[in-house]
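Please look through the sequence and the model below before reading on.

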Amino acid sequence: MPNSDRLKCTRSPLAASLAVLALAMPAVAQDYPESDRPIRMTINDWTGQELTTRLMGGVLEEMGYTVEYVQADYLAQFTGLESGDLTVGMEIWETTGKDALEAAVETGNVVALGETGMEAIEEWWYPTYVKEECPGLPDWEALNECAEMFASPMTSPNGRYLGGPVTWGGFDEERVEALGLDFDVVHAGTDAALMAEVRSAIQREEPIIAWVYAPHWAPIQYDGEWVEFPEYTDACYEDPSWGPNPDMTHDCGKPRGWIKPAAWAGGRDVWPAAYTAIENFTIDNEQMGRLIGQVDVDGMPIQAAVDQWLQENEDTWQSWIPQN
Amino acid sequence: MSLTDSDTRTLPTGIAPIRIVWVATLAALVLLWMLAQNVEWIADPESVVTIPLAGWISDAVKWLANDLTFGLFTFKDLTRALAWLLEIPLTVFITLLSSGAEIPLGGESSLTLPPIPWFSILLAVTWLCWVWGGRRLLLLAAASLVYLVVFGQWESAMVTLSSILVAVPVGVAGGMALGIWAYRSERVSRGLTPVLDLMQTVPIFAYLVPVLVLFGFGPVSAMIATVIYAMPPMVRVTMMALRGVSPELLEFGRMAGCTRRQMLWRILLPSARPSLMIGVNQVIMLSLNMVIIASMIGAGGLGYDVLASLRRLEIGDGLQAGLAITLLAILIDRMSQAYIAYRESPTATRRAQGVNNWAMIGGLVLVSYVVGFVFPSLSTYPEALTLDTSPFWDELVRLINVHLYTYLDAVKNTLLIYLLVPVKRFMLDVPWLAVTLLLGVVGWRLGGLRMALVVAAMAAFIALTGNWQKAMVSVYLCGISVIIASLIGIGWGLIAARSERAYKIAVTSVDTLQTLPSFVYLIPVVMLFQVGDFSAMIAIVLYALAPAVRYTAHGLRRIPSETLEAGRMSGCRPRQMLWRVRLPLALPEIALGVNQTIMMALSMLVITALVGTSDLGQEVYIALTRSSVGHGIVAGVCVAFIGMIADRLITAWVARRKKQFRIN
C-alpha cells in the first residue's frame with residue numbers, strides 16, 4: 001500500500017508540528033474550532049457547487065469544525081442563510097444570483113465571503129460541427145448569414161437562440177436588437193431543460209446555438225466554441241455610443257462574472273477562523289473544470305475526487321487556514 | 001332525451017327567456033371586442049387599476065415573521081417551537097432507518113449503533129404484508145424492497161420514508177381534527193371550504209418562502225409544506241364520511257346515552273372508517289408527490305437523487321430514483337388498503353392465527369438486527385451486486401432522438417401551427433371585460449346570481465392584480481391540455497371498463513403516471529420536442545390524464561346492469577348503447593373526472609415553468625427565485641381562482657344534469 005504510506009508520511013510531520021504548536025502556545029494556534037456548533041453548508045443541485053462545498057467542508061473538518069451538509073435549492077437557500085438556519089452557500093454566481101445576493105446582503109443578515117477565484121463565463125455557444133456550415137464563426141458578424149440554419153418553424157426566417165431562464169437575466173433580447181441579429185430568443189425554464197435541448201441537438205448533429213456557461217460539464221463534454229462578440233466593458237451596457245451600434249446599449253458580449261460564497265452574518269462571531277478560511281478559499285476554472293470532468297464525464301464519486309484533490313493540494317488548502 | 005330539449009325545459013329561466021339571454025350576451029361580447037380597440041380599459045385591465053396586493057402581502061408576512069409578538073414570545077418563536085416538536089419524531093425515524101446512532105460510553109470510547117439493516121426491514125414488511133394481504137401483497141412488497149436494494153436506492157428511500165412516516169400521520173390527524181370541527185359547526189364548514197380549495201390549488205412554490213422563514217430551513221419545513229398540500233382531501237373526506245353516518249346509528253348512540261366524546265370515538269369514527277381510509281390513501285399519495293419539491297428545501301432522499309441526476313441529464317438514473325418513489329407510494333397505499341380489509345375481516349379467517357403480530361415483527365427485527373450488528377459486512381448490500389439499467393434508458397432516448405425526431409418534429413409543428421398558436425393568439429386578444437362578463441352570465445345560468453358574482457369577482461381579481469396576460473396563457477395551455485387529456489382519458493376509460501383485466505391494467509398505469517415525479521419525463525420530453533409550449537403541453541397531458549381515466553371507468557362500471565339490459569331489449573345497437581345509454585349515464589362521473597383533470601393540469605403549471613413557459617407558473621417561479629413573497633402568493637391565488645372558476649361551473653352543471661336524469 002504505497003499510496004497510504006505516502007499519505008501518512010506527508011501528513012505526520014504536519015500533525016506533529018501542529019501538536020507542538022498546540023503545546024507551545026495553546027491560546028494562539030488552537031483558537032479554532034471556537035464552537036462545536038455545526039457549520040451547515042448547502043449543497044445545490046449541480047456538480048461544481050457540490051465539489052466546491054465538499055472541498056471547503058473537508059478543510060473545515062481538518063480544522064476541527066463539525067460540518068453538516070444540507071441539500072438546498074440555489075435561490076431558496078437565501079431564506080435559510082438570512083435566518084441562520086444555514087451557514088454558508090459556497091457558490092453564488094454574479095450572472096444568476098447577483099440580485100438575490102444583493103437583496104440578502106441588504107437585510108444585514110448575509111455577508112459575501114470574498115471570491116472563490118472561479119470566473120463564470122457565459123455566452124452564446126455552438127458545437128464545433130456547426131462551423132462546417134457556417135465557416136464565419138466564431139465571429140458574431142457571421143451569425144446573420146447562418147441565421148436560417150438555426151431557424152425553427154416558430155421563429156423562421158429568424159434563427160432560434162435558446163437562452164437561459166428569464167431569472168438569469170443576460171440582456172439577450174437587447175443584444176439581439178442592438179447588434180441587429182436575425183434571431184429570436186427562446187427562454188428555457190431551467191438549466192436542465194436548456195442542457196437537454198443542447199444534448200438532443202448534438203446527438204442528432206443538428207445546428208444549435210444556446211446559452212452555455214462554465215464551469216459546467218457541457219463545455220467539457222462537448223466540443224464547441226463561444227461566439228465572439230465585441231468584448232464587454234461597463235460602458236457598453238451604459239453608454240449607447242459605445243460599440244458597433246451608436247444608438248443602443250448592450251451591443252457587446254456578456255461580462256464575465258465572479259462566484260462568491262455567501263454566509264450568515266451572525267456566523268462570524270461563532271466561527272471567525274472558519275469564516276476567514278472560507279474567505280481565503282480559491283480555486284481556478286481549470287482545476288474546477290478538471291474535477292467536474294472527473295465526476296460527470298468519468299463517473300468518479302464526488303467524495304473520491306474531493307479527497308484526491310485535498311491530498312494532492314495540501315499546500316494550497318493549508319494556506320487558507322488563518323495562522324494568526 | 002335529447003340535450004337541447006331538456007335544456008330549455010329545465011333551466012331556471014326566471015323572467016328572461018333563455019335564447020334572448022344568450023343572444024344578448026353574444027352581442028355584448030362582439031360589441032366589447034370591437035370597442036376594445038379604441039377604449040383602453042376594456043382591453044387592458046392595468047389601465048383601470050392595479051391593486052398593489054403583492055406588496056401588502058409581503059409586508060404582512062414580514063410583520064408576522066419579525067414583529068408579531070404575544071408578549072412572552074413572538075409568532076416566530078411559536079412556529080419554531082412547532083418545528084422543533086416535529087423534528088423529534090423525524091430524527092427518531094432517520095436514526096432508526098438511515099443514519100444509526102453513536103452512544104458515548106464515557107471518555108473516548110463510544111458504541112456505534114448501525115441503522116436497522118435492509119434485510120430486517122425486508123423481513124418485517126413482507127411478514128406484515130403476508131398477514132394483511134396474502135401472497136399477492138407479499139410479492140409486491142418483496143419485489144419493491146428488493147428493487148430498492150438491488151438498484152442502490154435503499155439509503156435515499158429510507159430518508160424519504162422517514163419524512164413520509166411523520167408527514168402522513170400529522171396530515172391524517174390534522175385533517176381529521178379539522179374535519180370533525182367542520183362537521184360539528186356549519187359556520188366552520190362554510191369558512192373552511194374555500195381555504196381547502198386554496199390549499200390544494202395554490203402552487204406550493206408560492207408559499208415556500210414564508211414557510212422557510214417561519215419554520216426554518218430543512219426537512220421540517222419540507223414536511224410542513226407537504227402537510228399543507230396533502231391534508232385537504234383528508235378534511236373533505238372526514239366531513240363527508242361523518243355526515244354519511246346513518247341517522248339510525250346516531251339515534252341509537254343518543255338512546256344509549258353516549259357523551260359527545262363517546263359519540264365521536266365509539267360511533268362516528270368507527271362507522272366512517274372505510275370512507276376515512278380513502279382520505280388516508282390520498283394523503284399518502286399526495287405526500288409522495290411532494291418528495292421532489294421537498295428535496296429542494298433540504299429534505300434530501302430520493303427527490304434529491306431525481307433532481308441531481310436530471311440536472312446532469314442522466315435520464316436513466318433519474319428514472320430509477322423516480323421509480324423508487326412510485327414503488328414506495330404504491331406499496332404504502334396497497335398496505336394501508338390491505339390493513340383495513342384485514343381489520344374488517346372476521347378474526348377466524350385471518351392468516352397467522354395465534355401469532356402475536358407485533359411480537360413477531362419485533363422478534364424478526366431484533367434477531368436480524370443482532371445478526372447485522374455481529375456481521376456488519378452483511379448489513380450493507382455489496383456494491384458489486386447492484387444493478388444499473390440507466391445506460392439502457394439513456395441509449396433508448398438517444399435512439400428515439402436520432403431516428404424518430406423528424407417524425408415527432410413534423411407532428412409537433414403541425415399541432416403548433418394549426419392549433420396552439422391560433423388559440424394562444426385568440427386568448428390573448430379577448431378583452432378582459434368580455435371574459436368576465438361571459439363567465440358571469442354562464443355562472444348565472446348554471447347556479448344563479450350568487451354563483452355569477454363569485455365567478456365574475458374571481459376573474460376580476462385576476463385582471464386587477466395585473467396578471468391577466470399570463471393568466472390567459474395559462475388558460476390556453478391548460479385548456480388545450482385538458483381537452484387532449486380528456487379525449488385520451490375518456491377513451492382509455494371506455495376500454496378499461498370493458499373487462500376486469502383491462503381495468504386493473506389501467507389503474508396500475510394511472511397510479512404509476514401519477515406518482516412518478518413529472519421531472520423524470522420532463523427532460524426526455526424536452527429532448528424530443530424542444531423547449532416551448534408543446535413540451536409543456538405533453539407534460540401536462542401525461543400528468544392530468546389519470547383522473548379522466550379513473551372516473552370514466554368507474555362511472556361506466558357502476559351503471560346498473562338492468563339499465564343496460566333495458567337498452568339492449570329496446571334494440572340499441574352497440575354504437576347507440578354507447579352514445580345514448582352508457583355515456584349519458586356516466587356523465588356526472590366523467591365530468592368530475594374532467595374537473596379533477598383541470599385541477600391536475602393547473603397544478604402542473606409550476607412544473608412546466610421549469611421547461612420554459614411564460615404564464616402564471618413562471619410568475620410564481622420568478623417570485624420564488626426573487627424571494628418576493630407577495631408576488632408569488634398573488635400569482636398562486638390567480639392559478640387557484642382559475643381552478644375554482646372551472647370547478648364551480650362544472651359542479652353546478654353536473655348537479656343540474658343529475659337532476660335531469662334523476663340520478664342520486
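This is a predicted model: local features need pLDDT of at least 70, side-chain atom pairs count only at pLDDT 80 or more; totals for chains, interfaces and linings use all residues.

Residues are numbered from 1 along each chain as its sequence is written, and chains are lettered from A and ligands numbered from 1 in the order in which they are written.

Start where the chains meet. In chain A, 40 residues are in contact with 42 residues of chain B; two residues are in contact if their C-beta atoms, placed from the backbone, lie within 7 Å. Several elements of chain A each supply at least two residues of the side that touches chain B: strand 2 (67-71), helix 4 (77-83), helix 5 (94-106), strand 7 (183-187) and helix 8 (191-203). Helices (H or I, at least four residues) and strands (E, at least two) are DSSP runs, numbered from the N terminus. Helix 8 of chain A gives the most to this side, with nine residues. Sorted by class, the side of chain A that touches chain B has 20 nonpolar, 11 polar and nine charged residues. Here Ala, Val, Leu, Ile, Met, Phe, Trp, Tyr, Cys and Pro count as nonpolar, Asp, Glu, Lys and Arg as charged, and the others, Gly among them, as polar.

Now follow helix 5 of chain A. It has a kink of about 30°, centred on A:Ala100; the bend at a residue is the angle between axes fitted to the seven residues ending there and the seven starting there. Which residues of helix 5 of chain A are buried? They are A:Thr95, A:Thr96, A:Gly97, A:Ala100, A:Leu101 and A:Ala104. A residue is buried if 20 or more other C-beta atoms lie within 10 Å of its own, exposed if 12 or fewer, and partly exposed in between, with C-beta atoms placed from the backbone. The cover over the buried residues of helix 5 of chain A includes helix 4, strand 3 (88-93), strand 4 (110-112), strand 5 (119-127), strand 8 and strand 10 (257-264) of chain A. After helix 5 of chain A comes A:Gly108, with a positive phi near 85°.

One joins A:Leu137 and A:Pro138, with omega about 10°, and A:Pro138 lies in the loop between helix 6 (130-133) and strand 6 (159-163) of chain A. Another runs from A:Ala214 to A:Pro215, with omega near 0°; A:Pro215 is in the loop between strand 8 (209-214) and helix 9 (217-221) of chain A.

Turn to chain B and its helix pairs. Helix 15 (301-311) of chain B packs against helix 16 of chain B at an angle of about 160°, with their axes 8 Å apart. Axes are lines fitted to C-alpha atoms, for helices over the stretch in contact, and angles run from 0 to 180 degrees between N-to-C directions. The two helices, helix 15 and helix 16 of chain B, are therefore roughly antiparallel to each other; angles under 35 degrees count as roughly parallel, over 145 as roughly antiparallel, 65 to 115 as roughly perpendicular and the rest as oblique. Helix 15 of chain B passes helix 16 of chain B in a left-handed crossing. A crossing is left-handed if the near helix is turned anticlockwise from the far one by less than a right angle, and right-handed if clockwise. The contact of helix 15 with helix 16 of chain B has six nonpolar, three polar and two charged residues.

The axes of helix 13 (residues 260-289) and helix 16 of chain B come within 10 Å and cross at roughly 170°, and that makes helix 13 of chain B roughly antiparallel to helix 16 of chain B. This crossing of helix 13 past helix 16 of chain B is right-handed.

Helix 21 (residues 468-496) and helix 24 of chain B have axes that come within 6 Å and cross at roughly 40°, and helix 21 and helix 24 of chain B are therefore oblique to each other. Their contact divides into 21 nonpolar, five polar and one charged residue.

Finally, B:Leu313 has a positive phi of about 60° although it is not a glycine. With 25 C-beta neighbours inside 10 Å, B:Leu313 counts as buried.
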